[in-house]
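Trainee: Could you walk me through this model? I'd like to start with the surface and then look at some strands.

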Amino acid sequence: MSQEGLLRPGIAQIRVLDMDEAITHYVERIGLDMVGKGEDGRVYLKGYDEFHHHSVVLREADTAGIDFFAFKADSQQSVDAFRKRIEAYGLEVDDVPAGEQPGTGARIGFTVPSGHRIELFAHMDLSDQAPDTRNPYIWKSEPRGMRAQRMDHCLLYGPNIDKVEEFFTQVLDFHLPERVDLPDGTLAIWMTVSNKAHDIAFVNHPEPGKLHHLAFFLENWNDIGHAADLMSRYDISRDVGPTRHGITRGQTIYFFDPSGNRNEVFAGGYTAYKDHPVRVWDHNNVGRGIFYYERQLNDAFLSVVT
Ligand SMILES: [Fe+2]
């Protein structure tokens, strides 16, 4: 039986070329809090409105991109049950011991048919800097930079999108609010385990394991404008926006971190219930789907990935 709500976005581990530049970008500009640095040099970050220890991990490496995207489950029993279903589907599952990241319990990992490593875990400590829960203020310390509330979703590029959809919907109980169908097959899928328009999305692409963007949630359209002001002030490389997506209806800016990883700041988006029909875009309208105001894709959207 399919059950909603057992998983949610947990951790994105991103590769960066220069850690000092990356910290300035993600902490000072996007506004995440730095919660720790490991002995191996990895840096742990969270948004001011996130309860758990961290949601973004930066790892210095020779190439940019994404190491893995992890979903947090509601319990270890759920992780164990998913493990059986993943193995029955035919994917190999490996184990990451508790404590490999601070405050984080044991994780399982596997590679989906697009070449991306996905992980599941049940436990993460609550952060000392978590939002208040008793008579709470909106925030404890004044949000910084673009005022990112949380890590929201990622868009990944790789092959075998039909298989990816089958795996996420049949094995991990995601549902699919939206897709782009070209005459020769599916170009892109937006999938969710919540009421958000997407928790993860994929675009068909010949090279496996690529990152298109990692997105951070802002409160509203005014904050998207404020983020654009900061991008000009600090000479941050901007790709597209401020604009709006027809797909998800989110308000958005795409921009790049100093290593070339694309980021997004995202606000709004519709509510996605599991019993809604799938919204489908065809090749004549995909430009409006991706960029609602421009009504056409830019070259970078389909070609620049890390
Ligand atoms: Fe996005």
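Trainee: Is Glu-21 buried, partly exposed or exposed, and why?

Mentor: Glu-21 counts as partly exposed because its relative accessibility is 42%, where buried means under 20% relative accessible area, exposed over 50%, and partly exposed in between (1.4 Å probe, protein chains only). Please keep in mind that this is a predicted model, in which local features need pLDDT of at least 70 and side-chain atom pairs count only at pLDDT 80 or more, while totals for chains, interfaces and linings use all residues. Residues are numbered from 1 along each chain as its sequence is written, and side-chain values use heavy atoms, with hydrogens and water left out.

Trainee: Where is Glu-21 found?

Mentor: Glu-21 lies in helix α1, which covers residues 19-29; helices here are DSSP runs (H or I, at least four residues) and strands are too (E, at least two), numbered from the N terminus.

Trainee: What about strand β16, how many bridges join β13 to it?

Mentor: There are 4 bridges between β13 and strand β16 (residues 262-268), and these two run parallel; Phe-216, for instance, has Val-265 in β16 as its bridge partner.

Notes
Two strands pair if DSSP finds at least two bridges between them.
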